[in-house]
Each structure stands twice: as structure tokens, then as C-alpha cells.
Amino acid sequence: MQQLSVRHLLGIKNLTENDIQLILETAGQFKEVINRPIKKVPSLRDITIANVFFENSTRTRLSFELAEKRLSADVVNFSASGSSVKKGETLLDTVNNILAMKVDMIVMRHSSPGAPHYLSSRIPAAVVNAGDGTHEHPTQALLDSFSIQQKLGDVAGKRVAIIGDILHSRVALSNIFCLQKLGADVMVCGPTTLIPAYINALGVKVSHNVREALAWCDVANVLRIQLERMQIKYFPSLREYSLYFGITKKMLDDLDRPIVLMHPGPINRGVELSSDAADSHHSIILDQVENGVAVRMAVLYQLAQA
């Protein structure tokens with residue numbers, strides 16, 4: 001039986017193409033499970049998983065919790081806002097106290113890049129990175145690739161434009177790594193101030209014209225403007241950003257061929273996407289949410305076998 005080459009899921013950068021394909025194949029099987037009348041399987045009934053979130057989250061946290069329960073794991077939810085972290089307890093002490101309660105796996109979101117890597121080298125439990133600062137968000141990239149595969153049949157050879165706030169996005173970096181390993185061509189598009197200086201080193205195309213990006217791509221993955229991470233102003237106003245980089249349904253309808261529209265959420269409606277674009281037939285945004293549960297089930301299941 002095939003197994004992952006890693007003990008932890010810290011980032012897409014650490015995965016091989018075989019690892020990614022194994023997760024996507026397993027996700028395909030679990031997607032069938034979650035569409036049955038009885039949606040649970042006993043695959044992880046002897047495993048206890050702690051969701052340790054030091055940052056706010058809706059989709060990711062609910063998706064992981066649902067995935068864990070669908071696999072029959074025991075689930076512990078930890079929120080930093082109501083914990084001893086507020087009293088000055090360190091990350092390692094917090095997690096070691098959780099592990100002392102015989103927890104087998106940690107799913108962690110943290111505002112500091114590298115926090116899951118630090119933890120994985122110091123604890124015996126498997127660690128899943130649910131987003132670390134502006135670094136990586138591996139399960140989002142995996143579910144995005146799975147969604148493309150489900151919609152278009154394959155990722156290899158597809159042209160994917162990642163549009164929006166590339167500089168502050170952990171989703172962008174993980175998606176670039178994942179899509180390239182699966183054989184897709186990647187373009188990033190956004191204002192010059194929101195494109196990282198190092199981006200050319202990753203072998204992606206760069207555009208500052210959203211219409212050019214839409215005309216080029218098969219899939220447009222639109223990212224949120226992350227105002228909460230911005231210490232300075234990167235563009236004059238949200239209205240101006242929307243004017244130059246916002247996507248409307250008319251823009252999509254005017255293209256000479258259909259493209260797929262994606263967004264990791266939450267959507268700033270009227271900024272990066274108009275409501276009619278987000279809710280249009282081009283969009284697979286809600287499919288991404290459904291696929292997220294299947295992909296996270298696959299990740300947890302495969303790590304439990306490692």
C-alpha cells in the first residue's frame with residue numbers, strides 16, 4: 001500500500017508529486033463517502049486529534065472538524081482567545097499540555113510563519129499546518145487542485161491565474177508549489193505593490209492586467225485583499241482596487257471561451273469579485289468547500305498510516 005513520504009503536512013514544498021497524487025486519489029474515494037446517506041467511516045476511531053487555532057477561522061476549522069468526525073476520530077477543539085495563552089503560556093507548553101491528554105495529531109493554525117515546523121521538531125504527534133502566517137496553507141492548495149481535477153479532468157497542462165493579494169497570501173505560495181508539481185502553468189496577477197519581489201524565482205508568469213490574465217487562463221483563482229495583514233497602504237482605496245482588478249460576470253461572459261472561477265474565501269464581495277461573478281455558472285467556489293472536507297479526510301487518513 002502506498003504511503004506518504006512525510007510524517008507531517010507542513011507545506012506543499014515538502015511533498016513529492018506522488019504524495020500529492022496519493023492525497024488526491026484518496027480524496028476522490030472519500031468524496032464518494034461524504035455523499036452517501038451514512039457519511040461516516042471508522043478509519044480513525046482510535047485516533048484523537050486536537051484542532052489548535054491561534055487565528056480566527058471559519059471554513060478551515062469547520063472543514064477539519066467535520067473531516068475528523070466523518071473518519072470517527074475523537075476531536076478536541078482549542079481556541080487561543082479563551083486559553084492560558086492569554087496568561088503568557090508558550091506555544092510549546094500549550095501543545096505539550098494537550099499531548100499529555102494522549103492526543104495523536106495536531107491541526108494547527110498560527111499567525112507566525114514556521115510555527116508548525118517548530119512544533120513538529122519538538123513533539124511526537126503528527127502536525128498538520130492549517131495556515132502559518134503568510135507562509136503556506138497546504139490543505140487549501142490540495143483542495144484547489146482537487147477541485148480543478150474534478151471540474152476539468154486533470155491539472156497537468158492547465159493554465160491557472162492566481163489574482164489578487166499575492167504578497168500576503170499563504171494560499172498563493174502553496175498553490176504555486178502544488179500546481180507546478182502537478183504540471184500546470186501558473187500566472188500571478190495583481191498590483192505591483194502586492195506582487196512579491198522574489199516571485200520570478202518561482203518560475204511563474206507575472207501580469208498586472210486582470211483582463212490579460214483572464215484571457216490567458218483556464219482557471220482564475222481569485223484571492224482576498226488581506227487588510228488585516230497590511231501595516232501600510234498598498235493601493236489608494238478599495239474602490240480603486242475594484243476598478244482595476246475586480247472581476248465581474250460581464251468580464252467572464254465576454255471571454256472567447258469558458259473559464260473556471262475559484263476563491264478560497266472569505267469573499268470581499270464588490271472588491272475582488274462582484275456578487276454576480278461569485279454566484280455565476282463560472283464559479284466552483286462552493287464545490288471547493290465540499291471538496292475541502294474530502295481532501296482533509298484524505299490528509300488525516302494518510303498521515304495516520306505514516
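This is a predicted model: local features need pLDDT of at least 70, side-chain atom pairs count only at pLDDT 80 or more; totals for chains, interfaces and linings use all residues.
What share of the chain's contacts with a separation of 6 or more comes from residues 24 or more positions apart? The share is 73%.

**The chain as a whole**

The secondary structure consists of 11 helices and 9 strands. The radius of gyration is 19 Å, close to the 19 Å that the globule rule gives for 306 residues, so the chain is as compact as a globular protein of that length. Along the principal axes, the C-alpha atoms fill a box of roughly 55 × 45 × 35 Å.

How much of the chain is buried? Buried residues account for 57% of the 306 residues. The accessible surface comes to about 13400 Å². Carbon and sulfur atoms hold 50% of that surface.

**Space inside**

Rolling a probe the size of a water molecule over the atoms shows where empty space is left. In this structure there is 1 cavity of 30 Å³ or more. The largest cavity has a volume of about 40 Å³.

Which residues line the largest cavity? Thr134 is one of them. The lining also includes Ile166, Leu167, Ser169, Ala172, Leu173 and Ile176. Tyr198, Ile199 and Leu202 belong to the lining too.

The table sorts this lining by class.

| Class | Residues lining the largest cavity |
|---|---|
| Nonpolar | 8 residues |
| Polar | 2 residues |
| Charged | no residues |

Notes. Residues are numbered from 1 along each chain as its sequence is written. Side-chain values use heavy atoms; hydrogens and water are left out. On a 1 Å grid over the protein atoms alone, a cavity is a set of points where a 1.4 Å probe fits but cannot get out, and a pocket is an open set with protein on both sides within 12 Å along at least five of seven lines; lining residues have an atom within 4 Å of a point. Grid points are joined across faces, edges and corners, and a volume is the space filled by probe spheres set on the points. Ala, Val, Leu, Ile, Met, Phe, Trp, Tyr, Cys and Pro count as nonpolar, Asp, Glu, Lys and Arg as charged, and the others, Gly among them, as polar. Helices (H or I, at least four residues) and strands (E, at least two) are DSSP runs, numbered from the N terminus. The radius of gyration is taken over C-alpha atoms; the globule rule is 2.2 Å times the number of residues to the power 0.38. Buried means under 20% relative accessible area, exposed over 50%, partly exposed in between (1.4 Å probe, protein chains only). Contact means heavy atoms within 4.5 Å. Accessible areas come from the Shrake-Rupley method with a 1.4 Å probe; for residues, only the protein chains shown count as cover.
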